[in-house]
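Open the model in your viewer and keep the selection panel at hand. The stops below go one element at a time.

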Amino acid sequence: MNDFLNQMELVGDWLTSSAQWHGDEGIPQRLLEHLTYSGLSLLFAALIGLTSGLLVGHTGRGAFAVASVANLARAIPTFGLVVLVVTLAGLSTAPVLVALVALAVPPILINTFEGVRGVDPATRDAARGVGMTAWEVLTRVEVPMALPLILLGLRVAAIQVVATATVAAYPGLGGLGRYIVDGLSRNDYELVIGGSTVVVVLALVVQIVFTALRRVVVSPGLRVSASKS
């Protein structure tokens, strides 16, 4: 217990040290790098996952392919994919982005697909009955009703990406993972725990942001229905 408390005290000193908040290796710079990798990966994954999920969920075509692709992507080890792409493409941000996009697409794709597919067929028929086009049915009926699941997929993907973006440090790039990798190589566990703590706090912030976003953009009735289901 005393060892644990001593470690926490050292980590507290590390986090509050002014040296950790300045320069190219300071927390603000590493955090910016980490957010860049995470943000770009989530953007590309959202473009792929949302577009595919909405299309397949609306038309009902390709459901088996969606499930197969999502399960295949989940089975790919992120670190192994980074190493493979680095070997083939050389040291750059591309391997990290490819791996993180592959990690983030499945939850976005599956939740978007399930959200749209789960809309009551009677509601769709009623929308068509009042003269709505297919595009209007999708954007004004299906998407709003699927929004709780869509946001859930985005939230899960964002948290996974933020937590896993530490792999950017393995091929020699930056981000918060730099503290973990460098700490392990030097046997500096204060650095490892300090870097891990910042990653955990960032993941919690992402969780809070998406929870607040859900309360703002999802209607109260859908929030209650989603929580009951």
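N187 comes after helix α8, and its phi is positive, near 60°.

Now step back into α8 itself, residues 177-186. Is this helix enclosed or open? Seven of its 10 residues are buried, so α8 is largely enclosed by the rest of the structure. Colour the buried ones: G177, R178, Y179, I180, V181, D182 and G183.

Next, select helix α7, residues 134-164. Where does α7 bend? Go to L147, where the bend is about 60°. A proline, P148, follows within four residues.

Stay on α7 and show the side chains of E136 and R140. They form a salt bridge, with the closest N and O atoms 3.9 Å apart. The two are four residues apart in α7, and therefore separated by about one helical turn. E136 is partly exposed, with a relative accessible area of 27%. R140 is exposed, at 55%. For a linked set, select R178, D182 and R186: salt bridges that share partners join them into one network.

How many salt bridges does a search of the whole structure find? Seven. Two others are worth a stop.

- Helix α2: show E33 and R30. Their salt bridge has its closest N and O atoms 3.0 Å apart. Both E33 and R30 are buried. They lie three residues apart in α2, so about one helical turn separates them.
- Helix α6, residues 121-129: show D125 and R128. Their side chains meet in a salt bridge at 3.4 Å, N to O. Three residues apart in α6, they too are separated by about one helical turn. D125 counts as partly exposed, at 49% relative accessibility. R128 is partly exposed as well, with a relative accessible area of 42%.

Move to helix α5, residues 94-117, and pick A102. Which residues does A102 contact, leaving aside its neighbours within four places in sequence? They are A73 and L81.

Finish by colouring the chain by pLDDT. The average is 82, and 87% of the residues score at least 70. Confidence is highest in α2, residues 27-59, at a mean of 91. Confidence is lowest in helix α10, residues 220-228, at 54. Where pLDDT is low, the predicted coordinates should not be read in detail.

Methods:
Residues numbered from 1 in each chain as written. Predicted model: local features only at pLDDT ≥ 70, side-chain atom pairs only at ≥ 80, totals over all residues. Heavy atoms only, no water. Expected span 1.5 Å × (residues − 1). Bend = angle between axes of the 7 residues up to and from the residue. Buried < 20%, exposed > 50% of the residue type's maximum accessible area, 1.4 Å probe, protein only. pLDDT = per-residue confidence, 0-100. Contact = heavy atoms within 4.5 Å. Salt bridge = Lys/Arg side-chain N within 4 Å of Asp/Glu carboxyl O.
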